[in-house]
Amino acid sequence: MEEEGSYWKTSITYVEKNKILVRGYRIEDLMENLSYGETFYLIFKGELPNRKWKKILDALLIAGCDHSLFCPSVAAARYVASGGVGLQNAIASGVNALGKYHGGAIEGAMKFFYILKEEIKKEGRMEEAVKEFVLKYLKKEGRVPGFGHKLHTDKDPRVLKLFQIAQECGLKGEYLEIARNVEKALAEIKGRKLPLNIDGAMAAVACELGFDWRMGRAIFVLSRGLGIAAHSYEEIVNGRPFKEVPLKQIRYVGPKERGLPIHRRDEK
Ligand SMILES: CC(C)(COP(=O)(O)OP(=O)(O)OC[C@H]1O[C@@H](n2cnc3c(N)ncnc32)[C@H](O)[C@@H]1OP(=O)(O)O)[C@@H](O)C(=O)NCCC(=O)NCCS
């Protein structure tokens with residue numbers, strides 16, 4: 001027979017009547033003393049973050065909070081909202097649009113930085129190790145996650161600020177340096193600037209904070225989720241129902257109009 005209480009196991013939160021303990025701490029104490037970013041760290045990592053990290057943890061979650069309709073997730077959420085669904089359906093559609101080219105690149109970038117750090121340790125020289133690793137990666141995978149942007153090709157204000165706050169908060173900066181070296185190597189190899197983007201910058205900071213790469217997408221979901229929710233709400237409340245792609249934006253490339261061969265179909 002199964003032992004009582006062994007069907008689900010969790011180390012995150014304990015609840016009983018009139019008591020909620022998150023990672024062992026009373027929820028009232030968290031509400032009184034922690035920021036959202038610190039609570040996010042506690043919930044995922046199980047322990048309280050260094051007090052000096054408060055600002056960078058909040059900045060990490062604010063950095064990706066919105067980018068208007070200039071990204072697949074927000075546009076998807078608003079399209080779906082215009083169909084008349086409930087708020088959470090639109091939000092879920094936006095979240096579902098986060099993938100390896102948008103928002104989800106943070107996961108690949110974290111994994112990339114963690115492995116590269118080990119390679120640098122083995123090789124001893126940062127520049128050589130980075131270039132070799134990037135070359136190998138490009139050959140195998142095509143695109144390095146966390147680099148390149150359709151709009152902010154030069155000075156993404158979020159990336160610069162995130163790195164500045166990370167330094168002010170006393171993070172070691174090893175992954176920030178690795179990220180900048182990858183950017184340099186990519187420019188040399190590809191012959192064009194592929195800037196560190198917000199996914200890549202958030203990934204570098206998340207690595208500095210010791211997060212597991214497998215929870216990288218959760219960071220972006222929790223950050224962009226805010227913008228996705230606000231846009232969904234705005235579309236539901238103020239938007240024109242039924243948003244369609246304008247006909248002039250749709251090019252039909254199938255067969256020309258033709259008669260249906262009703263009698264000839266049996267001949268095949
Ligand atoms: C974000 C992204 C889609 C923007 O793309 P874009 O500026 O429109 O560029 P394109 O998709 O047209 O690609 C143009 C060229 O740059 C290359 N390129 C773009 N991003 C690259 C990357 N991260 N690594 C290697 N090469 C890259 C493409 O392979 C292509 O090369 P080619 O001309 O030799 O075929 C693209 O940079 C990318 O896929 N980045 C990786 C995923 C990522 O970090 N996404 C988060 C975005 S915030």
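**Close-up views of a predicted model**

View 1. Valine 15 has isoleucine 20 of E2 standing opposite. The model shown in this and every following view is predicted. Strand E1 covers residues 13–16 and strand E2 covers residues 19–22; the two run antiparallel and are joined by 4 bridges.

**View 2. The turn at asparagine 18.** Between E1 and E2 the hairpin leaves 2 residues. Asparagine 18 belongs to this loop between E1 and E2. Its phi is near 65°, which is a positive value in a residue other than glycine. Is asparagine 18 buried or exposed? With a relative accessibility of 76%, asparagine 18 counts as exposed, because the exposed class begins over 50%.

**View 3. The open sheet.** The sheet is built from 3 strands in the order E1-E2-E3, and their pairing is antiparallel. Strand E3 (25–26) and E1 are the edge strands, each of them pairing on one side only.

**View 4. A positive phi at serine 68.** Serine 68 is located in the loop that runs between helix H3 (54–63) and helix H4 (72–81). Although serine 68 is not a glycine, its phi is positive, at about 50°. The relative accessible area of serine 68 is 38%, so this residue is described as partly exposed.

View 5. A pair of aromatic rings is described by the distance of the centres and the angle of the planes. When rings of Phe, Tyr and Trp are paired by centres within 6.5 Å, the count comes to 10 aromatic pairs. Why is the pair of phenylalanine 112 and phenylalanine 113 edge-to-face? The planes of phenylalanine 112 and phenylalanine 113 stand at 75°, with the ring centres 6.0 Å apart, so the pair is edge-to-face. Both phenylalanine 112 and phenylalanine 113 are buried. Phenylalanine 113 also forms an edge-to-face pair with phenylalanine 147, at 6.3 Å centre to centre and with 85° between the planes. This second pair links distant parts of the chain, 34 residues apart: phenylalanine 113 lies in helix H6 (residues 105–123), whereas phenylalanine 147 lies in the loop between helix H7 (126–141) and helix H8 (157–168). The relative accessible area of phenylalanine 113 is 0%, and this residue is therefore buried. Phenylalanine 147, at 10% relative accessibility, also counts as buried, because buried means under 20%.

**View 6. An aromatic cluster and a lysine.** One aromatic cluster is formed by Phe40, Tyr41, Phe44, Trp53 and Phe211. Over the face of phenylalanine 211 lies lysine 45, at 5.8 Å from the ring centre.

**View 7. The crossing of helices H5 and H11.** Helix H5 consists of residues 87–96 and helix H11 of residues 216–238; their axes come within 9 Å and cross at roughly 135°. H5 and H11 are therefore oblique to each other, because roughly antiparallel would require an angle over 145 degrees and roughly perpendicular one of 65 to 115. The handedness of the crossing of H5 and H11 is right-handed.

Technical notes: Residues numbered from 1 in each chain as written. Predicted model: local features only at pLDDT ≥ 70, side-chain atom pairs only at ≥ 80, totals over all residues. Heavy atoms only, no water. Pairing = 2+ DSSP bridges. Phe/Tyr/Trp six-rings, centres within 6.5 Å; stacked < 30°, edge-to-face > 60°. Buried < 20%, exposed > 50% of the residue type's maximum accessible area, 1.4 Å probe, protein only. Lys NZ or Arg CZ within 6 Å of the ring centre and 35° of its normal. Axes fitted to C-alpha atoms, helices over the stretch in contact; angles between N-to-C directions. Parallel < 35°, antiparallel > 145°, perpendicular 65-115°, else oblique. Left-handed = near helix turned anticlockwise from the far one by under 90°.
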